[in-house]
Amino acid sequence: MTAFAPKPDTNDWRLSVAPMMDWTDRHCRFFHRLLSPHARLYTEMVTSAALVRGRQFRLLEHSHEEHPVALQLGGSDPHELAQAARFGAEAGYDEINLNVGCPSDRVQSGRFGACLMYEPALVADCVKAMRDTVSVPVTVKCRIGVDEQDDYADLQHFTETMLEAGVEVLVVHARKAWLKGLSPKENREIPPLDYPRVHRLKREFPQLVVAINGGITTVEQVQAQLAELDGVMLGRAAYHDPYILARLEHALYGTPLPGREDVLRRLQPYIEAELKRGTALKHITRHLLGLYQGEPGARGFRRTLSEGAHLPGAGWALIEQAMIPLQPAA
């Protein structure tokens, strides 16, 4: 973490990076933290069953530098979720977030994710069970609706039920989920975004911290949303163009903009430590590919890392090699 940045407030939801399966692993989060000392980071979704029945506690691994960092859980059994939340809190997470937004078939078959928006009373029971077990905030990430459930009144009722359960923070993906007939990828693009619906929710529930997610890709768009809401959660934009996190850190918190090469060099001790632990370089460098997005030489940087990181013995020298064409001539 940068020495010049003030200590982040663990109750600050202004800027966060969405939980994204196969993307926001611990290596990705460490990298994102170097770009933004204040952004709230989220794990990939971890099912309560994996922790409680599968005892896969390796899924809770994270670095001290990642804070503030939240554990996102998927599940629908209040008792099991309470146990999983306790494991997460004991592991040091600053927040436990319940997934009520993922539309994938696999998630639906387990009776969690976006299909739970049909069952707000069950979600409330899950939240209450977790809040009774842990002292860190228990939050919910949801959609604006699912399938034919597309009236604002449905979202209003869901929100009222969450408030009664003690939820103080709601992250709303401003796109309805189609649980039948659309793939998870299509669910990220086809149902139209409805930002005004989320803005209305905040106006009608001013006591609730409301953060918005979905389709937000620029500093200007983030600032416009923050004029209406308490927070913005970036998803694919933060992954494919991670330097936007540094730009947002600068715009929202006044932190000086770091150079991209400086970010990589500050990542070097982490990479070398992970290589000693037996982590393959490719598991880290896959998150770095977008760092120079839109900059001269970006394609060569990506190509060098993509072609070399999977080779036996690949180490920090490969990243030095990838940076050579990006450095200004003497």
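**Group meeting: a walk through the fold**

Let's start with contacts. Take the pairs in contact with a separation of 6 or more: residues 24 or more positions apart account for 72% of them. Keep in mind that this is a predicted model.

Now the overall build. The protein has 15 helices and nine strands. How does its radius of gyration fit a compact globule? For 330 residues, such a globule would come out near 20 Å, and the protein has 20 Å, so the two agree. The C-alpha atoms fill a box of roughly 65 × 45 × 40 Å along the principal axes.

Next, burial and surface. Of the 330 residues, 56% count as buried. The accessible surface is about 14,100 Å². Carbon and sulfur atoms hold 51% of that area. On charge, we have 37 positive and 41 negative, and their mean positions sit 4 Å apart.

The largest nonpolar core has 105 residues. Which of them touch the most other members? L73 and V140 do. Helix 11, residues 243-253, gives the most to this core, with seven residues.

Look at V140. Leave aside its neighbours within four places in sequence. V140 then contacts N97, L98, V100, V127, F158, M162, V167, V169, L170 and V171.

Back to helix 11, which also holds Y253. Is Y253 buried or exposed? Its relative accessible area is 17%, under the 20% cut-off, so Y253 counts as buried. Beyond four places in sequence, Y253 touches D12, R14, L15, H38 and L248. Y253 and E66 are 187 residues apart along the chain, yet their C-alpha atoms are separated by 18 Å.

Now some backbone details. Most residues other than glycine have a negative phi, and most peptide bonds are trans. Here are some exceptions.

Where is there a cis peptide bond? One joins H67 and P68, with omega about 0°. P68 lies in the loop between helix 2 (48-52) and strand 4 (69-74).

R55 lies in the loop between helix 2 and strand 4. Its phi is positive, about 55°, although R55 is not a glycine. R55 has 47% relative accessibility; that falls between 20% and 50%, so it counts as partly exposed.

D147 also has a positive phi, near 50°, and is a residue other than glycine. Find D147 in the loop between strand 6 (138-143) and helix 6 (152-165). D147 has a relative accessible area of 4%, under 20%, so this residue is buried.

That's the tour. Over to you.

Terms used
Residues are numbered from 1 along each chain as its sequence is written. This is a predicted model: local features need pLDDT of at least 70, side-chain atom pairs count only at pLDDT 80 or more; totals for chains, interfaces and linings use all residues. Side-chain values use heavy atoms; hydrogens and water are left out. A nonpolar core is a set of buried Ala, Val, Leu, Ile, Met, Phe, Trp, Tyr and Cys residues joined through side-chain atoms within 4.5 Å. Buried means under 20% relative accessible area, exposed over 50%, partly exposed in between (1.4 Å probe, protein chains only). Helices (H or I, at least four residues) and strands (E, at least two) are DSSP runs, numbered from the N terminus. Contact means heavy atoms within 4.5 Å. The radius of gyration is taken over C-alpha atoms; the globule rule is 2.2 Å times the number of residues to the power 0.38. Accessible areas come from the Shrake-Rupley method with a 1.4 Å probe; for residues, only the protein chains shown count as cover. Lys and Arg count as positive and Asp and Glu as negative; His and the chain ends are not counted. The place of a charge is taken as NZ of Lys, CZ of Arg, CG of Asp or CD of Glu.
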